[in-house]
Amino acid sequence: MFGIVSAFVLSALAATSVKAHGYVQDVVVGSTHYTGYLPYQDLYYPTPPERIIRPIPGNGPVNNLTLIDIQCNGYTDGGVVGSKPAPIFASSVPAGSQVQLNWTTWPDSHKGPMITYLARAPSDITQWQPGTDAVWFKIAEAGKTADGKWAATDLLTASNSIYTFTVPPKLKPGQYIVRHEIIALHGAFEAYGAQFYPSCIQIEVTGTGSALPTSGLVSFPGAYTEDTPGIIFDIYSDPTLPYPIPGPAVWTGGN
């Protein structure tokens, strides 16, 4: 009986784990849709489709904050070290415009913040790897509302799995990587329990702005540690406890 019950529990857990992961599957800029990198389809085309999202190994999380995988996803332990550049980018994204990111269905249990960074490419974005340079600045964040609703899953589900951010209106034109992530906190009551789901989208911003941040730049890895407030956080003990969103302050110089 124990063996039968154990097998049932393991099977249920396995099924839950498949449902409990996700990624950005579509990007909308104006009226243009860009299909995201689809890890369970794109690899199997004779000629892989060109995407604006850097490749990811699957729908699972990154757990190790010291690996390059934390930047744009990856699976170093499985031989996929970080994420290589995508072959194309979304062109003509006006500063001040909104960009919509459509996530796959996100599980109710995986509550946490949604955070968005930018990094300006010094040259061709389809060849650029930021490495461990401090080039990332935060442009948007959402954590837990005053009435206890989480960006993921409550607000994301309410918006039909679409997260929207605004490109800073005065941002200097150029090519940028958008690093967007969900941090799932269901296991973050102890060290090494948080799960990270980053996606990196390549865009070209247009406009007449000249603003760029001169401080608050961070690196990935480097921006977070296991004891950073908001990386270790118990979502169960006190529902009224405010949540400290990790990372630097949101850059407002481009507004």
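A: A salt bridge is defined here as a side-chain nitrogen of Lys or Arg within 4 Å of a carboxyl oxygen of Asp or Glu. The structure is a predicted model, in which local features need pLDDT of at least 70 and side-chain atom pairs count only at pLDDT 80 or more, while totals for chains, interfaces and linings use all residues. Residues are numbered from 1 along each chain as its sequence is written, and side-chain values use heavy atoms, with hydrogens and water left out.

The structure holds 5 salt bridges. One of them joins Lys111 to Asp154, with the closest N and O atoms 4.0 Å apart. Lys111 is in the loop between β4 (98–103) and β5 (114–120), whereas Asp154 belongs to helix α3 (residues 154–158), so the pair ties together parts that are 43 residues apart in sequence. Helices (H or I, at least four residues) and strands (E, at least two) are DSSP runs, numbered from the N terminus.

To describe the surroundings of such a pair, a residue is called buried under 20% relative accessible area, exposed over 50%, and partly exposed in between (1.4 Å probe, protein chains only). Lys111 is partly exposed because its relative accessible area is 24%. Asp154 is likewise partly exposed, with a value of 28%.

A second salt bridge connects the side chains of Arg51 and Asp42, at 2.9 Å from N to O. Arg51 has 11% relative accessibility and therefore counts as buried. Asp42 is also buried, at 1%.

Gly36 touches both Asp42 and Arg51, and its other partners are Val24, Gln25, Asp26 and Ile53, not counting residues up to four places away in sequence. Contact here means heavy atoms within 4.5 Å. Gly36 is found in the loop between β2 (32–35) and α2 (69–72), and at 0% relative accessibility Gly36 counts as buried. Gly36 and Val24 are 12 residues apart in sequence, and their C-alpha atoms are 6.2 Å apart in space.

The protein chain contains 3 helices and 9 strands, and along the sequence they follow the pattern α-β-β-α-β-β-β-β-α-β-β-β. The radius of gyration is 18 Å, close to the 18 Å that the globule rule gives for 255 residues, so the chain is as compact as a globular protein of that length. This radius is taken over C-alpha atoms, and the globule rule is 2.2 Å times the number of residues to the power 0.38. Along its principal axes, the C-alpha trace spans about 70 × 50 × 35 Å.

Buried residues make up 49% of the 255 residues. Of the contacts with a separation of 6 or more, 75% are between residues 24 or more positions apart.

Gln98 touches Val28, Gly30, Thr164, Phe165 and Thr166, not counting residues up to four places away in sequence. By contrast, Gln98 and Gly79 are 19 residues apart in sequence and 36 Å apart in space, C-alpha to C-alpha.
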